[in-house]
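Hi everyone, thanks for coming. Let me put the structure up on the screen, and then I'll walk you through a few spots in it.

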Amino acid sequence: MGGETRAQKGPRSDYPLQAPRPVGQMITNIYRDRINQLTAGGQYDRHNLNALMNEAVVSGEPHVQLSVWHAPGQTRPSFKEATSHEFNRTNVGEWFGPSWTTHWFKVVLNVPSDLRDKRLLELHWDANNEGLIWNEHGHPLQGLTGGNERVEWILPDSFRDGEEHVIYIEMACNGMFGNAPGGDSIQPPDPNRYFRLDRAEIVAVDPDARQLHIDYWIIGDAAREFPQDSWEQHKALKTCNEILEAFDVNKRESLKVCRKIAESYLGSHINSSKVYDSGKEPVVFGIGHCHIDSCWLWPFAETKRKVARSWSNQCDLMDRYPELHFACSQAQQYKWLKELYPSVFHRVKKKVAEGRFHPIGGSWVEHDTNMPSGESLVRQFLYGQRFYESNFGSRCQTFWLPDTFGYSSQLPQLCRLAGMSRFLTQKLSWNNINRFPHTTFNWVALDGTQVICHMPPSETYTAEAHFGDVKRSMSQHKSLDQDATSLLVFGKGDGGGGPTWQHLEKLRRCRGVSDTVGMLPRVHLGNSVDDFFDKLERKADSFVTWYGELYFELHRGTYTTQSNNKRNNRKSEIVLRDLELLATVASIRDASYKYPKKEFDTMWEMVLLCQFHDCLPGSSIEMAVHESMEMYAQVFKIAESIFKDVSVVLGVSRVQTTTVVDGIALNTLPWHRKEVIDIDENEAAVACGNGLLLKLRTLKTSQDDGLVSAKQASKGVFVLENSQLRVRVEGGVITSLYDRQAEREIIPKGQKANQYVLFDDKPLYWQAWDVEVYHLDTRKPLHSGETKIHEIKRHRVSLITHTKISDKSSINTIITLGAAVEGQQSYVEVASTVEWHETMKFLKVEFPVDIRNTEANYETQFGIVRRPTHYNTSWDMAKFEVCSHRFADLSEHGYGVSILNDSKYGFATAGNVMRLSLLRSPKAPDAHADMGTHHIRWGILPHQGALSHVTVRKAFEFNNPLKFLSATARSSSTTSLLELARPPVYLTEDSSPALILDTVKRGEDDEDVSRGELPAKEGRSVILRIYDSLGGRARGTVATSWDVSRVCKVNLLEDELEEVVFTEGKFAVDLRAFEVATFKLQLA
C-alpha cells in the first residue's frame, strides 16, 4: 500500500572512524611455506607439535623386558617350535641378522602406575624390519613394518592391571622390500644385512596431538594443492596460520583449541565414521587394499608371513574403523593363511561373513597373462573361484590384476565364462610411450565378449590416501563424459601391509573438506568393489569400447628374462594336458584306476603359482627363482609317477629303443598324424593315425637313396634338400630357402636367415623387466665359425656350426632337414645350445623373408593377435617387442612363413624381418639371471596360402613330438592296443580344421574324483574344451566311443549352461570366431 517502513540491515554502528593500525595483505608464498613449521623435524622439532605427541615414554626393565631366540640358518619355525627353546636376554641397540634369518623375542610388559590411566597406551617397536606380534597362546595379533612405519601396537586394557604380560615378536630380517643394498630396492639382495632394534617402549600417546597432526596435514595439503585463485585455497591457508598462532607448546590444552579451529575447514564429524553419513553424493569410492607380490624382492617363503602380518593388521583396523572395507586377491595366499595361520584365517573368515573383508579377483594368483597358455588361464580361474566358493560361500565377480604387465586379448571371454563381468587394473598408466585414453570402458575380447574395465585415475593400487590421491581421482579421470565416479585403491602394497590408521584418518578429513568447503572430489568409504561396479554396470551400454589386447608399453623384456622358468612353464603345461587326457581314458577304461585328482591339483597349484606376475616374467630375486625350479622339479616328479600308473592301465611302457614290430607311438594331439620318428640310433619308422597309440611301419626309400640329402657345394657352403624344400647354408646362416613345390624363394636376395644378432640391453631403470626401443640401434650381427655336416641319415640330415659371442659365451647350432612326408608340410628345424655368460646383452635370431604385409600374426591363448610390422604411429612403434606363444607368422595373399618355437615368448616383426628373442642378461634383481647353458629349438615353416591350421597344428606338434613306447605283457593278448588306436573322443574329419580339442579331463566334482571342497555330483563325466584357432565361424562334430548319456555346454567352472543334442555318439559344435567352448559328457 506504500508508506510502510521496511526492516533493513544497516551499516555496523561500531565501524571506527579512523584506522586503528595498518593491516597488510597475506603474502601467500611466505605464509604457505610457514605451514611446515608446526610438524617439521629439525630445529623446530622440540618447539612444535612433535613435542606434544606423547605424554610419557618408558623403556627398559622392569617395564619392558626383552629376551631372544635365534632360529637356525634361514628357517622360519612355527610359534610352537620357537617358544619351546630357551630365550636369552637382549636389549635395545642390539643388531640382528644376517638377511633372511628369523629371531623370536619374548617381550614382558609391565605398565607403570603413572601411565595406567592415560588415554592411549601403545607398544612402539622398531627394528627397521618386518615383524609379527603374537600373544602368549600362539595367536598372531598384528604385523610390524619398521623404519618408523607401522611400529605401534595398542596395548589391551587388561595390560593396565600392574601385572606382567607376555607377548612374542617374530622378527624377519628383511625390510618390506627385501634386502637390497644402498637404497635401490631392485638390486640383488645383500646377504649380510643386519638390523638394529631401535625402539621397544611403552608410550602414552596424546590422542589430541595425533589427531591434530592429521587435521593440519590435510588442511595444509588444501593450501598447497588447491588453485591459488580459489577462495578454498585461501581459507585453507588462513586456517593453517590460525592453528599455528593458537598452538602453544607449553599448554596441552591448546591442542583442543587448534582442533576446534580445524573444524571450520573440516567439519565437526571427522572423528568418526559418521563423516560419511552426510547424504551428499560421492564420486570417489575408497577401498582398502594390500597388494602382496607372491614373490618378488623376497622369496615365496617370506610371502607366507607377509600375508599373516598384513591381514591381521586389517582385521584389527576394521575393529577400530567401521568404514573400512578391504579387498584382497590371490586364493593361493588365502590357502597359505588357512594352512599356516588358522587363527588369522578364522578372523578373516569372520570379517568376510560381515561383508567387510572382500576376497576378490577369482584367480589363484595375480598371474601374468601374456605367457600362460589358454588352459592355464582357465585353471587360474577354476582353482581361484573354487577356493573362494568352498571357503567363503561365494565366487568373485571382479577380476583384479592391478600390477600385471599387460593383458591378453582373450581375458574378457574367459572372465565371463568364469562368472566375472568386471575387471580392474591400473598398470597401463605406466606406459612410457603413449597415454592410454580411457578410465572406464568396455573391454572386448577376440570373440566379441566384453567386460567392464576400470582403471583408477589416481593411477596407483597403493595410494597413500593423500589429499592429492583424492584430487587426482577427478583431475586425471579420462571418462568424465560417460561416468565421473572412480575407485581409490589405498593401502601399503607390493610388500604387503595394507591401509594404516593414518590412511583412514586422512580420508575422513578429505570427506570433511568436500562436505564443508567443497572443491575436493567427495570420497566415500563403506562400500565394496562390487558395489562400485554395480553402479557402472547400469550405464555400461554407453561406455566406449577397446577391442583386443591391453598392450603394456613397458616391461617388454619379461617375455624373455629367466629362460629356464619359461621353458619349465611350457613343459609343465604340456605334461599336464597329456596326463589329464591319459588319466581320463584310463579311469573310464579301468574302474580300479582312480583318477589322480589330488596329484593334478598339487601340480596345477604349483604351476599356477609360478605364473605369478614376478615369477614367470623373470623379475624376481634369485632365491625366488630357485624356489620355482624346485616346484617345477616336483611337478615333473609327480608327472612321472602318474604316467607310470596310467601306463599300466593302457598296457604300455617307456623304452629307449624299439623295433617297427614292437614299437608304438604315443599321440596326445586330437588329429591325424603322420610323422617319421627315430626308433633307435640308426633306424626310423613312420607313425600314422589319429588315436592315442599309433602303430609303426617301415620307412620305405628307393634302394639306398635317402629321402633327404646334404651336400657340400663349396667351402663353407652346404645344401640340404628333400622333396619339398632346398636349404642353402653359407657361413653358418641360411642364404636360401627354396620351396620346390611352390617354386618360390623365401629369403630375399643377399639377406641371411637364422642370423644371430646381439644388442646392448641397458634399459632406463628396470633391468629384468625392460628392453627399450633404443636397443634396436645397437644391432650387431654375430659371425659364425666353421660349419660341418653333423648327421646324414636316410630320413634326416643336419649341419652344425659354432658361433662365438664373446670370450665367455658361444652357440652350437644344428640345422636339420627331415624327410618330407606326403600330405605334411616340411620345415627346417634349428636346435641351439647356448653357453651364455654376458652382461646386459640381448641375443636374438633373425629371419628376413620375401613376404610383405603390414600386420604379422602371433599365437596367443585360444587365438591369434595381429600386430603392425611398421612404425607409422607411436602406438605401432611401441609394439617393437611383443609376446607370442608357439608360433609367429608373416603371410601375404597366397603364401607365408611361420616361425615355431619350443620355449620362447618374445618376438618382433619389423617390415619383412622376423626376429625371435632368445636370451637376456640383466643383473637386477637377480645378478645371475639366465647365466649358464640353454637348449632352444625353433622351426622355419614355409606354407602355401594364408595362415591356416597347418601352422597351428605344426606348432602343437613341434612342442609335443610323438613318443615311442612298447606294449607290455598285459596288453599283448588283448584288444586294448587296437582300441586305443582309435581315439575315444575326437572331431570328425568333416569338421573345420580350425577347431582344436584342447583339453580332455574328468569333471571336478564327479563322485569318484571329488576331494570334497564342494558337493560331489552323482555319476562320472568328461570335460572337453574346444576353441576356434583361426578367427572364423567354425563348425564340426564331436564323436565318442564312450557310453555317454547326455551332453551339455558348461562354463569354465563346469556349471551347466544348456543341453546339447547328442545322438548316435555324436554332437554338433558351432563356434564363433575365437570362441572357447566347454562341454560336459555325462557318462552312463
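I'll start with the whole chain and then go to single residues.

First, a bit of housekeeping: this is a predicted model, where local features need pLDDT of at least 70, side-chain atom pairs count only at pLDDT 80 or more, and totals for chains, interfaces and linings use all residues. Residues are numbered from 1 along each chain as its sequence is written, and side-chain values use heavy atoms, with hydrogens and water left out.

Okay, the big picture. The chain has 20 helices and 56 strands; these are DSSP runs numbered from the N terminus, with helices being H or I of at least four residues and strands being E of at least two. Its C-alpha trace spans about 125 × 75 × 70 Å along the principal axes. What share of the 1084 residues counts as buried? It's 61%, where buried means under 20% relative accessible area, exposed means over 50%, and partly exposed is in between, using a 1.4 Å probe and protein chains only.

Now contacts, meaning heavy atoms within 4.5 Å. Take those with a separation of 6 or more: 74% of them are between residues 24 or more positions apart.

Next, have a look at helix α16, residues 622-650. It has 29 residues and reaches 41 Å from its first C-alpha to its last, close to the expected 42 Å; that expected span is 1.5 Å times one less than the number of residues.

On to the loops, and two cis peptide bonds. One joins E61 and P62, with omega about 5°, and P62 lies in the loop between β1 (54-59) and β2 (64-70). Another joins A924 and P925, also with omega about 5°; P925 is in the loop between β46 (913-920) and β47 (932-944).

Here's one for you: is E743 buried or exposed? E743 is exposed, at 63% relative accessible area. Its phi is near 55°, a positive value in a residue other than glycine, and E743 is in the loop between β31 (733-739) and β32 (744-745). F1074 has a positive phi too, near 60°, but F1074 counts as buried because its relative accessibility is 5%.

Last stop: H438, in the loop between β17 (422-424) and β18 (440-444). At 15% relative accessibility, H438 counts as buried. Beyond its neighbours within four places in sequence, H438 contacts several residues, including M455, K478 and W546.

That's my tour, thanks!
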